[in-house]
Amino acid sequence: MMTNDHTAATLQLIRDEQDIRDLGYRFADACNRGDVEEFRSLWARDAVWVIDDPMNVRAEGAAAIAGTLAQLRPMWDFFVQMPHAPVVRVDGDRATSTWTVSEHARHAADGRDYVNHARYDDELARTPEGWRYAHRRYGYYFLDDGPRAGAAAAPVRPGPGIH
Amino acid sequence: MMTNDHTAATLQLIRDEQDIRDLGYRFADACNRGDVEEFRSLWARDAVWVIDDPMNVRAEGAAAIAGTLAQLRPMWDFFVQMPHAPVVRVDGDRATSTWTVSEHARHAADGRDYVNHARYDDELARTPEGWRYAHRRYGYYFLDDGPRAGAAAAPVRPGPGIH
Amino acid sequence: MMTNDHTAATLQLIRDEQDIRDLGYRFADACNRGDVEEFRSLWARDAVWVIDDPMNVRAEGAAAIAGTLAQLRPMWDFFVQMPHAPVVRVDGDRATSTWTVSEHARHAADGRDYVNHARYDDELARTPEGWRYAHRRYGYYFLDDGPRAGAAAAPVRPGPGIH
């Protein structure tokens, strides 16, 4: 039989791991519904959000991160993020998670599809309100942004919260 | 150290949340294998299954719901449901879950593809046999039902269990 | 209130089930990153890996299984496995899991896409190092290997570890 101390530690680790997976699930759910307030609540105050080349998004601070989503989201008629295969490691009050992510969206401007497979590499911090993202970096395995009318068309327009 | 009462409550919540995610996993697995009996076992006796416009399926009661699957499933050469990002909230003997779901199937009649992204919004009830669906509603983010030969072809034929 | 024995047994089952889901997540993650050493660590020493017709891969033993991945992986410019809907059953020191899996890859040789939906049916063994795959069998619901230039081109070249 396990001691009470062992039981408590095992239970806490299971809870932590599930909370970290849940954070990734809530992230996708908030993106897909376009819920900027829910999305903002998932980040630590001084968090950093990076989307790699060729999107080249970098936002710092939960407010700027939420502003970035608020700006990007209307670009799409629909946007669906599908997170897979969470691999979580907890180390005290810090943790990492990695996900295989697929996205499918449609550009509102011209109806072309945006399809990608990527990897989220995350650092998380335990806060008084629970686990929050300290750093998320999205790196592409594959990206199909559809045929564009002109080569000058950029996939992401620079603006507030995008550096 | 946690008290025994706290431990028991935390453990019960973790078990409930996992059982609710498992129900969604078993649902997809039963659909994909075409296992109508397993599918039926996931619903409360007086459950309601709604698939939104343009499919417009509504079935009431576990027997009618299973009958609806039994009728719909042979429409497809293959049918694959992919559930993502479960967000679960437990409140005593009731709970809700939401999922981002993708489906890919092929119409047996003419070989055209059926592809969609959608959202399942669920209400669940704790029963003596475990958590069961009381209400599932499927709402589309995106639907591509393929090019059809005639506009009169309906994606779902009315029949028993479809109202 | 639960007894300590009941608590310990419930906690162990939750841990086992999660470890078994995690094994499937780490499997996909290792495939997608092309991490052969991590991939090898997920199998029992005398494990068997089967990929059904028309791929017809069968590898026996963790070393041969890892060698098979090492040989197959460079066939693809990118390879993304997306595991869904884990259904897990634990029975003492043995367990089963089933997954609905989608894969998307691109052939390095000619740039054609490889897309499939399938089912992983798994047998697992509890080892001193944790749960490991004893047997994984991949059976296709759907396979699109792209248009090929010549009918003689085989999707899998025979070689070490493929029987």
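Two strands pair if DSSP finds at least two bridges between them. Helices (H or I, at least four residues) and strands (E, at least two) are DSSP runs, numbered from the N terminus. By that rule, β3(C) and β4(C) pair in the antiparallel sense over 13 bridges.

This is a predicted model: local features need pLDDT of at least 70, side-chain atom pairs count only at pLDDT 80 or more, and totals for chains, interfaces and linings use all residues. Residues are numbered from 1 along each chain as its sequence is written, while chains are lettered from A and ligands numbered from 1 in the order in which they are written.

**Chain A in outline**

Chain A holds three helices and six strands. Along the sequence they follow the pattern α-α-β-β-α-β-β-β-β. Of the 163 residues in chain A, 36% are buried. Buried means that 20 or more other C-beta atoms, placed from the backbone, lie within 10 Å of the residue's own; 12 or fewer make it exposed, and values in between make it partly exposed. Contacts are counted when two C-beta atoms, placed from the backbone, lie within 7 Å. Among contacts in chain A between residues at least 6 apart in sequence, 57% join residues at least 24 apart.

**Strand pairs**

Strands of a sheet pair through backbone hydrogen bonds, either parallel or antiparallel.

| Pair | Bridges | Facing residues |
|---|---|---|
| β3 (76-91) and β4 (94-107), chain A | 13 bridges | A:Gln81 and A:Glu103 |
| β4 (94-107) and β5 (113-127), chain B | 13 bridges | B:Thr100 and B:Arg119 |
| β3 and β4, chain C | 13 bridges | C:Trp76 and C:His107 |

The hairpin of β3(A) and β4(A) has two residues between the strands. There, A:Gly92 takes a positive phi near 65°.

**The sheet of chain B**

In chain B, six strands form an open sheet with mixed pairing, in the order β2-β1-β6-β5-β4-β3. Its edge strands are β2 (57-60) and β3 (76-91) of chain B, each pairing on one side only. Neighbouring strands of this sheet are turned by 15° against each other on average, direction ignored. Axes here are lines fitted to C-alpha atoms, for helices over the stretch in contact, and angles run from 0 to 180 degrees between N-to-C directions.

Helices from two chains pack on this sheet. Helix α1 (residues 4-33) of chain A touches β3, β4 and β6 (130-144) of chain B, and its direction makes about 110° with that of β3(B). Helix α1 (residues 4-33) of chain B touches β3, β4, β5 and β6 of chain B; its direction makes about 170° with that of β3(B).

**The sheet of chain C**

Chain C has an open sheet of six strands, with the order β2-β1-β6-β5-β4-β3 and mixed pairing. At its edges stand β2 (57-60) and β3 of chain C; each has a single partner strand, so one side of each is left without a neighbour in the sheet. Neighbouring strands of this sheet are turned by 15° against each other on average, direction ignored. On this sheet packs α1(B), which touches β3, β4 and β6 of chain C and makes about 110° with the direction of β3(C). Helix α3 (residues 62-72) of chain C also packs on the sheet. This helix touches β1 (43-51) and β2 of chain C, and its direction makes about 45° with that of β1(C).

One residue of helix α1 (residues 4-33) of chain C is C:Asp19. With 16 C-beta neighbours inside 10 Å, C:Asp19 counts as partly exposed. Leaving out residues up to four places away in sequence, C:Asp19 touches C:Gly130 and C:Trp131.

**How the chains meet**

Chain C can be laid on chain B with an RMSD of 0.0 Å by a turn of 120° and a shift of 0.0 Å along the axis. The two copies are thus related as by a three-fold rotation axis. Superposition is by least squares on the C-alpha atoms of residues with pLDDT of at least 70 in both copies. Chain A is superposed on chain C by a rotation of 120° with 0.0 Å of shift along its axis (RMSD 0.0 Å).

The contact between chains A and C takes 16 residues from chain A and 18 residues from chain C. On the side of chain A that touches chain C, two or more residues come from each of α1, β3, β4 and β6 (130-144) of chain A. Only 19% of the interface residues of chain A are also interface residues in chain C, so the copies meet through different surfaces.
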